[in-house]
Every structure is written in structure tokens, then in C-alpha cells.
Amino acid sequence: MIHNWSEIEKVGWKALLTGNGFSIGVSEKFRYESLLRQVDELNIPMYPHARSLFDEGKVGTTNFEEVLRVIYHAHLVNFYNQDAIKQLYFNVQKSLIDAVRASHVTHSEVPIESVANALKGYSEIYTTNYDLIPYWSLMGASFAGFCDYFWSGNCEFDLSDVELWGGKTPIYYLHGAIHLKINPSGTVYKVTAKDDSSLSDIVGANAMGEIPLFISEGKSEIKLRRIRENYYLGFCYENLLNCSENIVVFGHGLDKEYDEHILNALKSAPLKKIAISVYSGMRSEDKDAFASNIKAYFAGNGKELLFFESDTHPLSLTEA
């Protein structure tokens, strides 16, 4: 049975996990499948030899983060042609910035207050989205009642300083985010912004080796590998694995091929109940198939699964 949200709301839900469907509810621009495909389809300038680094037989990825890291390491160990390697690095970085700009809304297009209000009432927020909607929304609310663990000097993440105070709701960027970067020493930090900051200001070029920290695509095992390799992403994932609060999953496809690490975390977590949104725009038979697949995955796990129509929930936002 697929409920309306009002029918299950009073069960008590303290944790939230959002997927790309939440962002699509803000703008259809987020319906893109791949930033690398954006580069190809929009003819965003990239050197042919830079584009070939993404191919199988070389780095073999669609994630810009991995290619930028490889080029940076090549710059460190190669004593020849360093200027050419540096130029290659910034060419790939600019292509990424242009692809994000083409696929992202501006600050003025985000219903900041509506999003912030929809996030209130949860004690834990997890997101696999790497766009700026949650960041801009919490920033618009002056982070009142929220936190993101980037409170150390220079807005860095410090694994030894993660104790929560004052009952604030933490947000965990499970796949990183556009405004998060990792520097050559391995430190993860947040790019601070003002309300009128442009995408270029936030995602923009920094010194070589300042690499954006977000996993934009790839199969589940690739995503989990990248998560385990980074101490901030690993921290976020461990918190999901240990989540004990009943959780709402909104706008998430929970596809086994691409999201099995998320499914496994929900399955392993000590939480008892999961409410999962079903996209209201699907045909009835497709909704039932989606719910049946999720039920089959959790069969025998002991967790109670409840499904609800996405457009009946406060997180269902009309396009800005």
C-alpha cells in the first residue's frame, strides 16, 4: 500500500535521507545524468587529450574528482612539462565548472525558506545530492538549529572534533558536495559563501591540488570505494550505518546497481522504520514494482517499510 504522507506522519520520523528527486522538485535542471555527458553534449571546451583521460584504459571514470587528482599527482612526480600538466589540470577544472553551471540553478532560483522549513523537525539529515540546495537553504536560515561539522579553523573538518552541542541538527553529505574541497595535505574544508555568491565563486578554480570533493556518478561499489578512501565521507557513511532514528527517504531511486551502499547502510542500521517516497508521476504499476523491489531487498530484515506518495510530503517543492 502506498500512503499519503498525512497517514503515516504521526509515526514519528527524526532522520531524513534525500536523493536527486528532491533537487528535481526544485528544478528540472537537476535531471541531468552525467556532468561528463554535459561536457560532450554542450560542446564545453576540453582538450581532446584531457577528455581521453576519462576513458577506459586510462583513468576509466566519469568522476572529475578522480581525473583531477591523477593530473595533480602527475604534476608532483614529473619534472618535465610541468607547465603543460598544470594547463591540463586547469582545463579539466574549467570544464567541470562550466558543466556544473549549465546543470545547476542560481541562488535566486532556490526557494530557500521553503526548503529550510521542510528540513526543520529532523534531528539528522543525510543527502546523496552534491548540489548547493541544502547549503544555500541552511545558510539562508543562518544555520539556526543546523550544523555541518565544518566549525574548525578555516572551515575545516576535524575528525577529533565532532561532538554535537545544543541539540543542533547535523547534515551529512554522503557523496560530498560542490562547496566541499580537499587540499593537497588531505584536509577537507568548506568553501564559505554569501547569499549573492555565484556558482563560479563557490566551485571556481583554486590553487592546483585543491580538488572538489563530490562523487557525481558511478556504480555503487565505486562510490563506496571513494567514500572509504576519504575520512570525511567515511565519517558521514558511518553515521548512516549507525542511525537509530526512524528515517524518511525522499526523492531517492534506491537503485541496487548505483545505490546498494545506501541500501546496505539502511539495512544494517539499528533503526526500526523506513518511510520511502514513491514518485507520484509514475504509473500505478511502476509504483508497485518500485515498492516490491525495495521490499524484496529488505525481506527478513525486520524493518518496517512504509511507502508514500512523494507529492503529499512537505519536501515536494514546485519548480522555482
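1. Phe143 is buried, at 19% relative accessibility, where buried means under 20% relative accessible area, exposed over 50% and partly exposed in between, with a 1.4 Å probe and protein chains only. Phe143 sits in the loop that runs between helix H8 (133-140) and strand E4 (146-147). Helices (H or I, at least four residues) and strands (E, at least two) are DSSP runs numbered from the N terminus. Phe143 is not a glycine, yet its phi is positive, at about 55 degrees.

2. On the source: this is a predicted model, in which local features need pLDDT of at least 70, side-chain atom pairs count only at pLDDT 80 or more, and totals for chains, interfaces and linings use all residues. Residues are numbered from 1 along each chain as its sequence is written, and side-chain values use heavy atoms, with hydrogens and water left out.

3. Asn154 also has a positive phi, of about 60 degrees, without being a glycine. Asn154 belongs to the loop between E4 and strand E5 (169-173). Is Asn154 buried or exposed? Its relative accessible area is 65%, so Asn154 counts as exposed.

4. Strand E5 contains Ile171, which is buried at 1% relative accessibility. Leaving aside residues up to four places away in sequence, Ile171 touches Ile125, Thr127, Pro134, Leu138, Cys147, Asp148, Tyr149 and Tyr232; contact means heavy atoms within 4.5 Å.

5. Leu213 is placed in strand E8 (residues 211-214). Its relative accessible area is 1%, so Leu213 is buried. Which residues does Leu213 touch, not counting residues up to four places away in sequence? They are Glu65, His175, Gly176, Ala177, Leu180, Lys181, Val188, Asn230, Tyr232 and Leu233. From Leu213 to Phe64 the C-alpha distance is 9.6 Å, and the two are 149 residues apart in sequence.

6. Helix H11 (residues 231-241) and helix H12 (residues 256-268) pack at an angle of about 45 degrees, and their axes are 7 Å apart. Axes are lines fitted to C-alpha atoms, for helices over the stretch in contact, and angles run from 0 to 180 degrees between N-to-C directions. H11 and H12 are therefore oblique to each other; angles under 35 degrees count as roughly parallel, over 145 as roughly antiparallel, 65 to 115 as roughly perpendicular and the rest as oblique.

7. Which residues make the contact of H11 with H12? From H11 come Tyr237, Leu240 and Leu241, and from H12 come His261, Ile262, Ala265, Leu266 and Ser268. The residues of this contact comprise six nonpolar, two polar and no charged. Here Ala, Val, Leu, Ile, Met, Phe, Trp, Tyr, Cys and Pro count as nonpolar, Asp, Glu, Lys and Arg as charged, and the others, Gly among them, as polar.

8. Ala50, in helix H4 (residues 48-51), is buried with 0% relative accessibility. Ala50 touches Leu88, Asn91 and Val92, not counting residues up to four places away in sequence. The C-alpha atoms of Ala50 and His104 are separated by 23 Å, at 54 residues apart along the chain. His75, in helix H5 (residues 64-77), is buried at 16% relative accessibility. On the same exclusion of residues up to four places away in sequence, His75 touches Gln82, Ile85, Lys86 and Met208.

9. Lys10 lies between helix H1 (5-8) and strand E2 (15-18), in the loop. Lys10 is exposed, with 82% relative accessible area. Between the C-alpha atoms of Lys10 and Glu163 there are 29 Å, and the two are 153 residues apart along the chain.

10. For the chain as a whole, the protein chain has 13 helices and 11 strands. Of its 320 residues, 54% are buried. Among contacts with a separation of 6 or more, 77% join residues 24 or more positions apart. The C-alpha atoms fill a box of roughly 65 × 45 × 35 Å along the principal axes.
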